[in-house]
Amino acid sequence: MKKKQLLILIILNLFLAGCWDQHLLVNKTFVNGISFDLTEEGKIQATVRSLNIKGKGGGQIEIEDELIYAERPSPVGLSIDIDNMVAGEVDLHQAHIVLIGDELAKKGINQLLEPFYRGKESNITKKIAISKGKAETIISTEIEKSPIAFFILQTIEGAEKATYLPDENILTVWTKILTPGKDIILPYLEKIEPDRIGIAGVALMHGEKFSGETLSKEQSSLLLLLLDQLNVTSRMALVLDQEQEERSIAFFTRKMKRDMEITVDKSGKIICSVDIKMQIEVNSYPQDFKEDLNIKEIEKELSEELTKQANEIITTLLQANCDAFGIGMKISTKHPDLWKKLNWDEEYKNVQIEPKVNVKIIKTGNVY
Amino acid sequence: MLLNKEGKLRKELIQLVSQVEGYNHMSFFKKKSIRSISNSPINESQLLTNDINKNIHSIRDYHCRTEDLMVRELIFNKNICTIFYLDSMVNKDSLHSSVIGPIVETKYGEIQHIVKTTQVKFTSRISDVGSDLLDGFCIILRENNATAISLSVVENTSRSIEEPDNERSIISSHDGFIEDIGTNIFLLRKRVKTPQLKVKYFSVGKLTNTKVSMVFIENLTDKKLIKEVERRIGSIEVDQLLSFGDIEDYIEDNPNSIFPQMLTTERPDRATSYLTEGKILLIVDGSPRIMIVPITFFAFYQSPDDYNSRWIIGTFFRLIRFLSFIVAITFPAIYIAVVSYHSEVLPIGILYSIRVSLENVPFPPLIEAFAMQITLELLKEASIRLPTPIAQTTGIVGGLVIGTAVVEASFVSNIMIVVIGLTAIASFVAPVNEMGTSARLLGFPVMIAASLFGFFGIVLVLMGIFMHLCKLQTFGTPYFAPLAPFKMEDIKDSIVRLSFWKLNSRPTDSKPIYKKQQWRTRGWKNN
Amino acid sequence: MISEKLSITKFQLFFLLIQSQIGIGLLSLPNIVQKSAKSDGWISIILAGVVIQFLMVVYYLLLKRYPDDLLSNITEKILGFLLGKVVNFIIYIYFILTGSLSLILMVKIINLYLLPVTPGWVISLLVICACVYLTTSDLRIIARFFVLVSTLIILLLFTNIVLAFYIPKEIQYILPIGSAGTKNILIGSNSALLAMLGFEGLLFMFPYVIHNTKGLLKTTSFANLFVTSFYTFITFLCLIKFSPEQLQQIREPVLYLFRGLAYKMFDRIDLIFLSIWIVPMTTSIIMYLFLASKSISGQKMSYKKTVLVNGVLIFLISLIPHTDEITNLMNKYVSYFSYAVIMVLPVFLLILSFIFKRHERGVTN
């Protein structure tokens with residue numbers, strides 16, 4: 001009996017010395033946004049927006065944030081520098097947005113994101129975006145007192161819902177970077193003077209590198225439809241350019257269907273036909289009410305216009321060497337022998353992509 | 001606050017008694033001396049003699065010449081006969097009207113035919129005479145006769161049947177057991193009118209001679225179980241048995257477990273429902289709570305009201321109660337683990353509000369939680385014994401004043417108050433208070449583990465608790481049935497409550513002799 | 001003879017088997033099979049399931065001939081007392097080593113994700129205490145507990161099925177089927193088999209099962225079917241969720257499956273998943289502790305003491321390795337060992353029993 005008690009005492013003692021891993025929440029400083037930039041000396045600069053949360057009583061929270069800079073030749077160790085500059089432990093991993101400056105992105109983003117994949121605490125569902133110019137200018141924007149990262153996050157999430165931006169987070173970006181024969185597109189942000197931040201469109205990546213080519217917001221919306229990534233809804237406004245008059249139309253895309261087919265002809269030329277059928281709801285269309293609406297004609301005009309735009313987008317894609325359609329991956333599974341012979345980086349530019357957009361109006365809203 | 005005041009008082013009384021009588025290390029002497037008192041000066045088997053004077057002396061000696069032992073001499077059949085009774089134990093009115101009156105008036109005949117009492121006994125042993133006196137009999141000794149006549153004139157002062165305070169129900173019956181064993185059996189018999197309802201009496205306690213009765217249904221209850229319970233009660237050799245708590249401690253299988261292994265109840269409807277499942281009821285004279293053995297964990301989360309409301313509602317409330325058990329055990333621990341280990345689990349919005357409320361709180365979360373839990377227990381204990389109006393004041397002082405002030409002084413975070421409050425409420429949900437308290441107590445080790453090892457600690461301790469539940473057995477039946485061992489049939493009336501017509505077989509945890517309990521339920525539908 | 005009091009039902013046997021099989025192995029399984037079988041890893045697992053089914057039949061045929069004996073008695077009956085003792089000791093060592101390996105891997109995972117700084121010995125001490133606490137009771141109680149905690153596995157299976165609809169996935173990653181080649185798939189099923197160890201518990205649980213000569217094969221086959229399809233499903237999910245190159249970089253893909261999720265109430269579902277998964281991991285260790293204790297418990301020491309001693313032994317072994325290298329080495333040797341014990345030995349015994357002891361069968365009835 002005495003032995004038992006002694007044993008229990010020893011074990012209890014050991015545990016009293018415990019709490020090895022305790023990281024009290026109260027000691028943590030949160031970081032809600034990180035940006036990475038390339039400095040002129042070629043170093044990597046990390047800018048961190050750390051949060052200072054204060055209760056004002058009565059359940060109100062006052063959030064103030066401050067900027068912290070750190071510079072190193074490589075991204076490794078930046079977090080240590082930042083940790084040293086802030087009171088308490090820095091919780092870098094709770095940051096919900098990572099911004100990367102375009103110059104740095106051209107050198108590759110994988111090394112920047114690596115700590116986020118690996119980290120035990122990192123929240124891998126955070127958003128990632130590429131900025132026009134230095135990312136630091138975006139993250140240091142002051143929008144009244146609300147933390148900028150929240151603002152950016154909300155902007156990106158709203159745009160994802162409206163199918164302006166692809167729904168990507170660090171995990172999916174990581175997956176796609178490591179997939180041969182498929183490239184990603186990332187949100188492209190810009191600072192609008194004086195103190196606003198807007199979505200400039202999407203940045204086209206080639207592998208882990210930013211190609212330098214971007215698409216505008218409208219273009220990216222159509223590209224996402226071509227990629228079969230309709231989120232909740234997609235809103236578009238077009239100018240139907242006709243000889244007599246200028247008419248504009250705004251519509252929602254409710255449903256869509258995509259057929260993508262890849263064929264390789266005898267000479268080894270790869271032809272990819274992308275065929276989308278959109279079912280749209282007309283939102284606004286200033287018209288001459290004396291005549292009845294010719295739905296058939298509008299459908300036709302729209303289809304032609306969108307096909308034309310799609311062709312432009314694809315030209316840009318080919319220029320950027322960005323295989324957003326994942327044509328390479330399709331070939332690798334369908335024609336593995338051909339895939340082994342190809343140098344996809346070179347070959348991609350020669351792929352012939354033939355988009356075709358087919359629009360069908362299913363609703364015209366409350367007005368005929 | 002719903003705790004059993006009666007029981008607590010009694011327990012305190014027991015402590016007092018044991019303090020008065022001497023400490024534990026003296027027990028050796030105590031036992032010896034008491035034994036000698038109870039045996040002297042009359043031998044257990046000593047018989048009455050023909051000499052009435054000697055008999056009178058013997059009986060007086062047997063009762064240590066106590067002064068409430070009254071003696072009245074009468075002349076009957078021209079002989080002296082003496083009536084003994086304990087002043088405090090008999091009803092004087094009935095003594096006069098049914099014993100002394102008839103004897104004085106009639107003067108001749110056989111006493112047993114004259115008296116108007118309900119019970120007439122002949123005894124010849126002094127010890128029997130003595131114990132009859134204690135049971136409220138009056139004893140008539142006759143000249144030249146070695147047998148005494150015992151006549152029951154017992155004083156019955158028990159309170160009326162009321163709804164128990166600590167097990168209120170909303171829509172079920174409103175009667176409750178009382179301190180008197182006879183009334184309790186009456187309440188049971190009134191509900192189960194079968195000749196198979198069997199009552200067995202035991203007398204436990206050398207000093208107190210407490211009546212313990214064991215009630216069961218003869219051809220339904222497992223024979224082995226009956227034997228086992230009899231054996232365990234029979235093996236108790238103590239001086240005093242004051243309340244049901246004593247016997248519970250003496251006969252339960254795992255006295256060191258935190259889980260109560262006997263269901264105690266003051267509700268006759270509840271007791272009978274278990275009786276018809278083939279379980280055994282134990283009633284201790286002087287305690288309004290009766291014990292039910294063997295019992296399973298899930299019985300503690302059932303209430304008679306479940307059966308009187310619609311089955312969907314009954315099931316819903318049962319599930320809510322199980323949830324309350326889990327919440328009471330784990331909720332503060334999860335909070336501690338999250339704020340001190342795994343804050344990344346929370347999404348940013350919640351994290352910020354928690355972070356704000358934690359600002360300026362100087363204590364680690366474990367201390368915070370402990371302090372609040374203990375404050376809560378203190379408040380509860382304080383208000384239990386106070387008269388109701390004052391108890392309310394305590395509640396207000398505790399809940400409002402201390403709660404608000406402690407947060408404003410930044411000793412404890414807002415969130416912690418919410419957490420502890422929820423935990424306390426969850427633990428009070430248990431229909432049987434004992435289990436609720438056990439759950440709250442179990443919260444402490446889980447909290448400690450959480451503060452040492454985060455989620456890992458919580459899972460480990462919970463695993464230990466469930467292992468323990470799987471290991472527990474009461475009177476040979478598994479405690480955590482029907483989940484461990486898993487029995488689909490029995491889940492119908494334990495974790496959920498289905499409609500009555502679906503419960504064609506009774507729960508098998510107490511191994512009833514036959515399982516089927518209903519034959520035609522909704523037979524009208526077929527016609 | 002095994003007394004009525006210790007016996008378990010077939011229903012309980014089913015859960016005993018799946019609980020001892022499902023455990024630590026699952027977390028890294030997709031990564032391991034992908035190493036050799038590439039995108040055909042899921043085929044490897046099905047193959048491993050087939051092999052296990054074959055072994056189950058072998059076990060059944062062998063044990064049916066001695067329905068009241070533990071494996072340790074059977075070896076002595078077939079091989080003779082001395083040789084039998086030696087073989088039994090090898091089996092015992094195997095169980096102890098497998099148990100400690102599971103413990104080591106479990107501690108590693110917990111150190112990696114939940115408690116990075118807490119010393120490993122504290123974690124393993126706590127786990128082993130819990131294991132010993134349950135194992136000291138008889139098999140019936142172990143079975144009760146295993147059935148109870150199987151709700152967790154079923155819960156996780158459900159969340160995974162829901163997950164399968166929810167997560168972004170790319171079926172292209174596993175196409176074309178069969179591209180890895182038969183040899184690689186077979187190597188993959190070798191590693192899959194190791195993750196599915198635990199079915200050998202049947203060798204020692206058989207005599208405890210009520211009516212063990214009838215319909216037992218059905219129960220074990222169902223258990224095997226469940227485990228194989230569970231593993232295949234999860235691996236398949238990982239293979240279509242992560243790109244092949246990425247999968248090679250992730251040590252515990254199953255956790256990353258959850259990591260990419262965030263609901264309104266919780267981020268980092270992987271942590272919650274891992275915390276819950278501690279239970280199935282522990283049950284595997286409990287099973288090995290039980291098997292090790294059963295395989296040597298004799299007249300000399302009471303069962304309870306044997307469990308305690310074995311628990312201490314497993315704990316001590318778990319203290320030794322720290323680096324990945326040593327763990328891998330140990331993993332390798334245990335796997336060789338396991339082939340000897342779970343494949344070669346039973347087949348060998350079965351053949352011998354057919355040759356020599358044809359009459360044994362009549363004794364049982």
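The area buried between chain B and chain A is about 2000 Å², with carbon and sulfur atoms giving 66% of that value; buried area here is the accessible area (1.4 Å probe) that two parts lose on being put together, summed over both. In chain B, the residues that lose the most area to chain A are B:Glu344, B:Tyr352 and B:Arg355, together 32% of what that side buries. This is a predicted model, in which local features need pLDDT of at least 70 and side-chain atom pairs count only at pLDDT 80 or more, while totals for chains, interfaces and linings use all residues. Residues are numbered from 1 along each chain as its sequence is written, chains are lettered from A and ligands numbered from 1 in the order in which they are written, and side-chain values use heavy atoms, with hydrogens and water left out.

| Interface | Residues in contact | Buried area | Share on carbon and sulfur |
|---|---|---|---|
| Chain B and chain A | 19 residues of chain B, 25 residues of chain A | about 2000 Å² | 66% |
| Chain C and chain B | 32 residues of chain C, 26 residues of chain B | about 2600 Å² | 77% |

Contact means heavy atoms within 4.5 Å.

Let us stay with chain B and chain A for a moment. Four residue pairs are in polar contact, both residues at pLDDT 80 or more. A polar contact is a pair of N or O atoms within 3.5 Å; within protein, one must be able to donate a hydrogen and the other to accept it, and residues adjacent in sequence count only if both atoms are side-chain atoms. On the side of chain B that touches chain A, α12 (311-340), α13 (348-358) and α17 (433-471) each supply at least two residues, and the largest share, eight residues, comes from α13(B). Helices (H or I, at least four residues) and strands (E, at least two) are DSSP runs, numbered from the N terminus. By class, that side holds twelve nonpolar, four polar and three charged residues. Ala, Val, Leu, Ile, Met, Phe, Trp, Tyr, Cys and Pro count as nonpolar, Asp, Glu, Lys and Arg as charged, and the others, Gly among them, as polar.

Now to chain C and chain B. In chain C, C:Tyr133, C:Arg144 and C:Leu148 lose the most area to chain B, together 24% of what that side buries. Zero salt bridges are found across this interface, along with three residue pairs in polar contact, both at pLDDT 80 or more. Helices α1 (10-21), α6 (120-135), α7 (139-166) and α13 (269-296) of chain C each supply at least two residues of the side that touches chain B. The residues of that side divide into 22 nonpolar, six polar and four charged.

Finally, some local features of chain B. The peptide bond from B:Ala481 to B:Pro482 is cis, with omega near 0°, and a cis peptide bond also joins B:Ala484 and B:Pro485, where omega is about 0°. B:Pro482 sits in the loop between β12 (477-478) and α18 (488-491) of chain B, and B:Pro485 lies in the loop between β12 and α18 of chain B. B:Arg65, a residue other than glycine, has a positive phi near 50°; its place is in the loop between α3 (52-62) and β1 (69-76) of chain B.

Terms used
A salt bridge is a side-chain nitrogen of Lys or Arg within 4 Å of a carboxyl oxygen of Asp or Glu.
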